[in-house]
Amino acid sequence: METMISERVLLKGNEAFGEAAIRGGCRYYVGYPITPQNELTEYMARELSKRGGAFVQAESEVAAINMAYGVAAAGGNVFISSSSPGIALMQEGLSFICSAELPVVVLNVTRGGPGIGSIQPGQADYNQATRGGGNGDYHIPVFAPASIQESIDILYEAFAMADHWRNPVMILADGVIGQMMEPVSLPEPKEPMAEKDIPLRKPWAISGTGFKDHRSVVKSLRLQPQDLEVHVHHLFEKYDQAEKELVRYDAHDLEDAEIVFVSFGTTARIVSEVVEMFADEGIKAGSIRPISLWPFPEEAFQKISPKTKVVISAELNMGQMMKDVKAAVSGRFPVRLVNRVGGIIPTSLEIFEKSRAILGEYK
Amino acid sequence: MRPIEEKRIVAVVGHFGSGKTEFCVNFALERAKHHKNTALVDLDIANPYFRSRERRDLLEGAGIKVYGSFYKREIAAELPALTADARSAFEDDETLVTVDVGGDASGAMIVVQFYRYFTAGEYDLLCVVNKNRPETATVEKAIRYIDEIELKAGLKTTGLINNTHLLRETTIGDVEKGYHFCQEISAKLDIPIHFSCCPVPLAEDLRRRGEETGIDYRIMPVALYMRETWLDRKP
């Protein structure tokens, strides 16, 4: 693809994820097919070798995450993607990679669950993503784009971010964003890290001793309790810093709002219509859209006006984010859920009517 | 008006994301305005979302029979199979059939099983072209796609549909640019441009533009039936 930044092109989400990753410096992709993200795997299979990279179709998601572990340990900028049940299979690997402090960019194009669920869109991987499905104390920064353009922008910087924090970075994009089309602009390709520069720029990588006076060791096994405790505290110093630096959100019209919506990803696009429907009825509605789900943007909730009567958490799950919303408002406002599950996307009218009825309870 | 008239069976192919489904839904609704018996056969077994069968109620409300890879009202399964009744539309000589074929050569392969209904001169295989899709942005790339589709479908493309758009950002300039692009493909492959698609709000402007420049675009005003309005909200 020879597109320059200024030109608008029409892309499907899954294609855009691949192109943005390559332009952001990704040169290695490991994956295993699963709907609704297959066009991405196909895109990487077709494009990555043309751009000096390598594509591997693994024999399973468990194999894929462990191959990514290996590529990252050797200093490569590696990208893996899957959808909900496939990401579930990768959780052990993600825990190991967090402990080993390796950069991997992970994309989850979420579908309905639990179990094999459905191939229709869902947001029920919120807990899996933000709490971690693997064992032990660790965190993964999670970003939830609400458009293809925003997905491109986040993926473009995700590889540098993962390198900086020496930690996986996850993008949680629901099936709608993977499958929809959108006119977008693509950023200029970044120069990927040359193999010869890895020993210098990633001194921790297993790249041979070279000019170094030591061998790098990558591991997650620490049998001495004292060693492991020191290591976990070291990780949490890093996470504390990440919580300060990686918070991202959009907030609109929180002053004077009678009702405030909290939503992420596709749901936030629907909510933006709902806010206007309230305005048409002369009711002021505000909105908070967490972009970083971990760290959760608690500071946004400090801006909610005391006049607000109720906060609505609009989600495509049974209220997984609502628990974070409740913690963030600390009892200052009632928090209620408006949701659909099973792969069903509510209409703006449905969210409007349900939340108007809820607002009526607090008038 | 050039002497272009679509045949009874119109199958629509193209690169995935080129806008086949939106065209088919609009075209089938247009046909249903003038004919009693019309059908839409949804052969897209590749795409998990945004399939024309999702607008079954709208289509059936307009008197169009809808066939495809679904059983009763089940539309969300990912079944690479078709129900046998899809053939009935092809069998009935009185029915105008619009066929929404899946994207790319792999999607087009499914047409093969209906080969006996595609007699030379009695069908149209129209390829949708959107110049704003990077994979079909040059004449060479677009023709390569058409070649691959023809090879897998075992059928010759009989015409082009200029569907150069950027969804709700589409301008008259996009349609014009796409038309001239399709003219180049048309000249190389010696097949006509059947339609230029255009968002409904721009159709009148495009018609006037055509009169000024002496171009008969054969405008197909396209309403975005498949696209929820919130998909175009800036988050």
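# How we know what we see

Guide: This is a predicted model. In chain A, seven strands form an open sheet in the order S3-S2-S4-S5-S7-S6-S12, with mixed pairing.

Visitor: What makes S3 and S12 of chain A edge strands?

Guide: Strand S3 (54-57) and strand S12 (292-294) each pair on one side only.

Visitor: How do you know that S2 and S4 of chain A pair?

Guide: Two strands pair if at least two bridges are found between them. Strand S2 (residues 28-31) and strand S4 (residues 78-82) of chain A have four bridges, in the parallel sense. Therefore they count as a pair. In one bridge, A:Tyr29 has A:Phe79 in S4(A) as its partner.

Visitor: Which residues does A:Phe278 contact, leaving aside its neighbours within four places in sequence?

Guide: Among them are A:Ile259, A:Phe261, A:Phe352, A:Ser355 and A:Leu359.

Visitor: Why is A:Ser355 called buried?

Guide: Buried means under 20% relative accessible area. A:Ser355 has 0%, so it counts as buried. This serine is in helix H14 (residues 348-361) of chain A. Beyond its neighbours within four places in sequence, its contacts include A:Val274, A:Ile312 and A:Val338.

Visitor: What makes A:Ile22 buried?

Guide: Its relative accessible area is 1%, and the cut-off is under 20%, so A:Ile22 is buried. A:Ile22 lies in helix H1 (residues 13-23) of chain A. Leaving aside neighbours within four places in sequence, A:Ile22 contacts residues including A:Tyr43, A:Met44 and A:Leu48.

Visitor: How many residues apart in sequence are A:Ile22 and A:Lys190?

Guide: They are 168 residues apart in sequence. In space, the C-alpha to C-alpha distance is 8.4 Å.

Visitor: How do you know that the buried residues of H13 of chain A line one face of the helix?

Guide: The buried residues of helix H13 (residues 322-329) are A:Met322, A:Asp324, A:Val325, A:Ala328 and A:Val329. Seen down the axis of H13(A), they fall within an arc of 155 degrees, so they line one face. They pack against chain A elements: helix H6 (126-131), strand S10 (259-262), helix H12 (298-301), strand S13 (310-315) and strand S14 (335-339).

Visitor: Why is strand S1 of chain B called largely enclosed?

Guide: Six of the six residues of S1 (residues 9-14) are buried, so the rest of the structure largely encloses the strand. B:Ile9, B:Ala11 and B:Val13 point one way, while B:Val10, B:Val12 and B:Gly14 point the other way.

Visitor: Which strands pair with S1(B)?

Guide: Strand S5 (residues 123-129) of chain B pairs with S1(B) in the parallel sense over six bridges. There B:Val13 stands opposite B:Cys127. Strand S4 (residues 96-101) of chain B also pairs with S1(B) in the parallel sense, over four bridges. In that pairing B:Ile9 stands opposite B:Val97.

Visitor: Why is A:Asp253 called partly exposed?

Guide: Partly exposed lies between the buried limit, under 20%, and the exposed limit, over 50%. A:Asp253 has 46%, so it is partly exposed. This residue has a positive phi of about 55 degrees although it is not a glycine. A:Asp253 lies in the loop between strand S9 (249-252) and S10 of chain A.

Visitor: Is B:Asp104 buried or exposed?

Guide: B:Asp104 has a relative accessible area of 15%, under the 20% limit, so it is buried. Its phi is also positive, near 65 degrees. B:Asp104 is found in helix H4 (residues 104-108) of chain B.

Notes: Residues numbered from 1 in each chain as written. Chains lettered and ligands numbered in written order. Predicted model: local features only at pLDDT ≥ 70, side-chain atom pairs only at ≥ 80, totals over all residues. Heavy atoms only, no water. Contact = heavy atoms within 4.5 Å. Helix = DSSP H or I, 4+ residues; strand = E, 2+ residues; numbered from the N terminus. Buried < 20%, exposed > 50% of the residue type's maximum accessible area, 1.4 Å probe, protein only. Arc of directions from axis to C-beta.
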